[in-house]
Amino acid sequence: MAQVQIKAVSWQHEALADLMITEPHLSLGDYAKRLGFTLTWLSVVKNSDSFKDYFAIRRKVHGESLTTGIKEKAAAIAEMSLDIILGDMET
């Protein structure tokens, strides 16, 4: 049996990656239904080297943006807390 391999990233890769990042709890069947793909075609797209490479990059960027947001919020909370403590110490 010949293996189908998709060589270039398409809108299908992007849509599947977005859905897998935003709704990781869904099954492959759910992804196929949401995107209007057959389960077979979804499997071809998901298992292609181009999707794997694209998804790894998207997941990394998404993780970095989450980490950056958390760090910024934690720094803001720490700064506000220190301001309150310093204010209490001065009175």
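The legends below describe close-up views of a predicted model. Residues are numbered from 1 along each chain as its sequence is written, side-chain values use heavy atoms, and hydrogens and water are left out. Local features need pLDDT of at least 70 and side-chain atom pairs count only at pLDDT 80 or more, while totals for chains, interfaces and linings use all residues.

**View A. Packing of helix 1 against helix 2.**
Helix 1 covers residues 11-22 and helix 2 covers residues 28-35. Helices (H or I, at least four residues) are DSSP runs, numbered from the N terminus. The two pack at an angle of about 130°, with their axes 11 Å apart. Axes are lines fitted to C-alpha atoms, for helices over the stretch in contact, and angles run from 0 to 180 degrees between N-to-C directions. The angle makes helix 1 oblique to helix 2; angles under 35 degrees count as roughly parallel, over 145 as roughly antiparallel, 65 to 115 as roughly perpendicular and the rest as oblique. The crossing of helix 1 and helix 2 is right-handed, a term used if the near helix is turned clockwise from the far one by less than a right angle, with left-handed used if anticlockwise. Helix 1 makes the contact through Ala-15, Leu-16, Leu-19 and Met-20, and helix 2 through Tyr-31, Arg-34 and Leu-35. Contact means heavy atoms within 4.5 Å. By class, six nonpolar, no polar and one charged residues make up the contact of helix 1 with helix 2. Ala, Val, Leu, Ile, Met, Phe, Trp, Tyr, Cys and Pro count as nonpolar, Asp, Glu, Lys and Arg as charged, and the others, Gly among them, as polar.

**View B. Packing of helix 2 against helix 3.**
Helix 3 spans residues 39-46 and packs with helix 2 at an angle of about 105°, the axes being 9 Å apart. Helix 2 is therefore roughly perpendicular to helix 3. From helix 2, Leu-28, Gly-29, Tyr-31, Ala-32 and Leu-35 meet Leu-39, Leu-42 and Lys-46 of helix 3. This contact has six nonpolar, one polar and one charged residues.

The axes of helix 1 and helix 3 lie 10 Å apart, at an angle of about 90°. These helices are therefore roughly perpendicular to each other. Gln-12, His-13, Leu-16 and Met-20 of helix 1 contact Trp-41, Leu-42, Val-45 and Lys-46 of helix 3. Five nonpolar, two polar and one charged residues form the contact of helix 1 with helix 3. Gln-12, in helix 1, is buried, with a relative accessible area of 17%. Buried means under 20% relative accessible area, exposed over 50%, and partly exposed in between (1.4 Å probe, protein chains only). Leaving out residues up to four places away in sequence, Gln-12 touches Phe-37, Trp-41 and Val-45.

The structure holds two aromatic pairs. In one of them, the rings of Phe-51 and Phe-55 have their centres 5.5 Å apart and their planes at 10°, so the pair is stacked. Rings of Phe, Tyr and Trp (its six-membered ring) pair if their centres lie within 6.5 Å; planes under 30 degrees apart count as stacked, over 60 as edge-to-face and the rest as tilted. Both residues lie in helix 4 (residues 49-90), four residues apart, about one turn of the helix. Phe-51 is buried at a relative accessible area of 3%, and Phe-55 is buried at 12%.

Gly-63 lies in helix 4 and is partly exposed, with a relative accessible area of 28%. Leu-86 is found in helix 4 and is partly exposed at 46% relative accessible area. The C-alpha atoms of Leu-86 and Ser-27 are separated by 51 Å, and the two residues are 59 residues apart along the chain.
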